[in-house]
Amino acid sequence: MADTVPETAGEPLRYKLLTGTGDREFCEKVSRHLEGGYVLYGEPVIASGPDGGVTVAQAVVLRGA
């Protein structure tokens, strides 16, 4: 999923759950959202799957929403 700021189909969402593999690309995705007016919401979550893969998630909310 390629998250961008601002939304391409109308108004930006007030809440987003960003997911990825915890690599630089994920960190850049979070950084783009912070630069685009979002703030972190809660703690990041890290989960490992049965195949040994790792998924990370971070919720963000639109500032002032």
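**Entry 1: contacts along the chain**

I began with the contacts of the chain, taking a contact to mean heavy atoms within 4.5 Å, and found that residues 24 or more positions apart account for 55% of the contacts with a separation of 6 or more. I note that this is a predicted model, in which local features need pLDDT of at least 70 and side-chain atom pairs count only at pLDDT 80 or more, while totals for chains, interfaces and linings use all residues. Residues are numbered from 1 along each chain as its sequence is written, and side-chain values use heavy atoms, with hydrogens and water left out.

**Entry 2: elements and surface**

I looked up the secondary structure next, where helices (H or I, at least four residues) and strands (E, at least two) are DSSP runs numbered from the N terminus. The chain has one helix and three strands, and along the sequence they follow the pattern β-α-β-β.

For burial I used relative accessible area, with buried meaning under 20%, exposed over 50% and partly exposed in between (1.4 Å probe, protein chains only). On that scale 22% of the 65 residues of the chain count as buried. The accessible surface of the chain comes to about 4700 Å², and 57% of this belongs to carbon and sulfur atoms; the areas come from the Shrake-Rupley method with a 1.4 Å probe, and for residues only the protein chains shown count as cover.

**Entry 3: helix α1**

Which residues of α1 are buried? I listed F26, K29, V30 and H33. Seen down the axis of α1, these buried residues fall within an arc of 95°, so they line one face of the helix; the arc is that of the directions from the helix axis to the C-beta atoms. On the other side of α1, I found R24, E25 and E35 exposed. What covers the buried residues of α1 includes β1, β2 (38–48) and β3 (54–62). Just after α1, G37 takes a positive phi of about 105°.

**Entry 4: K16 in β1**

I then turned to K16, which is found in strand β1 (residues 15–20) and counts as buried at 6% relative accessibility. What does the side chain of K16 make a polar contact with? I found the side chain of H33 at 3.1 Å, a polar contact being a pair of N or O atoms within 3.5 Å; within protein, one must be able to donate a hydrogen and the other to accept it, and residues adjacent in sequence count only if both atoms are side-chain atoms. H33 is itself among the buried residues of α1.

**Entry 5: the aromatic pair**

I searched for aromatic pairs, in which rings of Phe, Tyr and Trp (its six-membered ring) have centres within 6.5 Å, with planes under 30 degrees apart counted as stacked, over 60 as edge-to-face and the rest as tilted. The count comes to one aromatic pair. Y15 and Y41 form this pair, which is edge-to-face, at 6.5 Å centre to centre and with 85° between the planes. Y15 lies in strand β1 and Y41 in strand β2, so the pair ties together parts that are 26 residues apart in sequence. I recorded Y15 as partly exposed at 45% relative accessibility, and Y41 as exposed at 52%.

**Entry 6: Q58 and A59 in β3**

I took two residues of strand β3 together, Q58 and A59. Q58 counts as buried at 7% relative accessibility, and A59 is buried with a relative accessible area of 9%.

A polar atom of the side chain of Q58 lies 3.5 Å from the backbone oxygen of Y41, and one lies 3.3 Å from the backbone oxygen of G42. Leaving aside residues up to four places away in sequence, Q58 touches, among others, K16, F26, Y41 and G42.

With neighbours within four places in sequence left aside, A59 is in contact with Y15, K16, L17, V39, L40 and Y41. For A59 and L40 I noted a C-alpha to C-alpha distance of 6.2 Å, at 19 residues apart in sequence.

**Entry 7: T21 in the loop**

Last, I looked at T21, which lies in the loop between β1 and α1 and counts as exposed at 52% relative accessibility. The side chains of T21 and D23 are joined by a polar contact of 3.0 Å. Not counting residues up to four places away in sequence, T21 touches F26, V54 and V56. T21 and G53 are 32 residues apart in sequence and 8.0 Å apart in space, C-alpha to C-alpha.
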